[in-house]
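Colleague: I'd like to learn how to read a model like this one. Could you walk me through it?

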Amino acid sequence: MLDRTASFILDKLYSKTLIGQSGGKINYYLNKSAIPDVVIMGDSRAYYEVNPDSFRCTCFNLAHAGMDDCFQLGLIDLLIQQHKTPKIILLHVEPYFLVYKDSLPFYSQDILTLKYFYGINDTITNLVNHISRFEKWKYALKSYRYNGRIISLIKNYKTTISTPNYATNGFDFVPASKSDSMTTEMSANKQLEGAVYFNRSKTRYLESIIKLAKQNGIRLVFFTSPYFYKLNMDYIKPGRIFLDSIASANKISYLDYSDIKMNKEFQNPSY
């Protein structure tokens, strides 16, 4: 009884929350009456770098910082279920994600960001259950969907009700600060290298996204943002090869800006 009461109250708060990456941003999009022509999806490299105002069509940035292809798969299926699919999804794909070494078959936990929809959306439910054989038993308690999120939920709910005319295109820029020059210099000299290892098990989510998009008439466009730090391109080469091949095989446009040396527009420091 206590569990159901708590779940009922938290569900009410969640449904009225339209701000924040723990669910509010998704609620805001799902509550929009008009479906945009283009939806931008991906991690922080899409969230902070692609402004919908730059497009000559209706566009919404639905990217979430730190989220991988598993999260994107669950979110796309949710948009389909809620009849909120755009004509085009501009999806950020990350070569680095595919070469991170794991000794066991990979099952992402990023899908837990969507655990509110456990038991509501079949794809999300199945992806959560794949994390471990004990995972599904945790959701015998309905309020478990809010485990570790109650404080952020209350905070985002309060922010929402205190901003009655809140409107967004989903894009959040990083405000300028006094440390920008120092941060840029540090990033330019940062090294990112390691043992090259292509993890085939990590490709399952992107392959499922492609299949889902085809089944539902969604045009996918892949892109990879540039790395503004020193990177041995051989390190991510297996990931780039896979992304290029799977895009070609499925007739998907792939805008690969990962190597800034190959893109003259990024050679101008003013950008």
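**Reading the model**

Modeller: Start with strand E5, residues 219-224, which is mostly covered, with five of its six residues buried. Buried means under 20% relative accessible area, exposed over 50%, and partly exposed in between, using a 1.4 Å probe and protein chains only. Strands (E, at least two residues) and helices (H or I, at least four) are DSSP runs, numbered from the N terminus. This is a predicted model, where local features need pLDDT of at least 70, side-chain atom pairs count only at pLDDT 80 or more, and totals for chains, interfaces and linings use all residues. Residues are numbered from 1 along each chain as its sequence is written, and side-chain values use heavy atoms, with hydrogens and water left out.

Colleague: Which strands are joined to E5 by bridges?

Modeller: Two strands pair if DSSP finds at least two bridges between them. Here, E3 (residues 88-92) runs parallel to E5, with five bridges joining them, and Leu220 in E5 is the bridge partner of Ile89. E7 (residues 253-256) also runs parallel to E5, through four bridges, and there Leu255 stands opposite Phe223. As background, side chains in a regular strand alternate between the two faces of the sheet.

Colleague: What is the mean pLDDT of the protein chain?

Modeller: pLDDT is the predictor's confidence in each residue, from 0 to 100. The chain has a mean of 88, and 93% of its residues reach 70 or more. Among the elements, E3 has the highest mean, 98, while strand E4 (residues 191-192) has the lowest, 62. The chain holds eleven helices and seven strands.

Colleague: Which residues have the most contacts inside the largest nonpolar core?

Modeller: A nonpolar core is a set of buried Ala, Val, Leu, Ile, Met, Phe, Trp, Tyr and Cys residues joined through side-chain atoms within 4.5 Å. The largest one has 53 residues, and Leu75, Leu206 and Phe222 have the most contacts inside it. Helix H4 gives the most to this core, eight residues. A second, separate core has ten residues, including Val38 and Cys59. Going back to Leu206, and setting aside residues up to four places away in sequence, its contacts (heavy atoms within 4.5 Å) include Leu91, Phe222 and Phe242.

Colleague: What about backbone angles: which residues have a positive phi although they are not glycines?

Modeller: Most residues other than glycine have a negative phi. His83 has a positive one of about 60°, and Lys251 has one of about 55°. His83 lies in the loop between H4 (69-81) and E3, and counts as exposed because its relative accessibility is 66%. Lys251 is in the loop between helix H11 (233-249) and E7, and is exposed too, at 80%.

Colleague: Is Gly24 buried or exposed?

Modeller: Gly24, in helix H2 (residues 24-31), is buried, with a relative accessible area of 2%. Gly24 and Asn156 are 132 residues apart in sequence, yet 7.4 Å apart in space, C-alpha to C-alpha.
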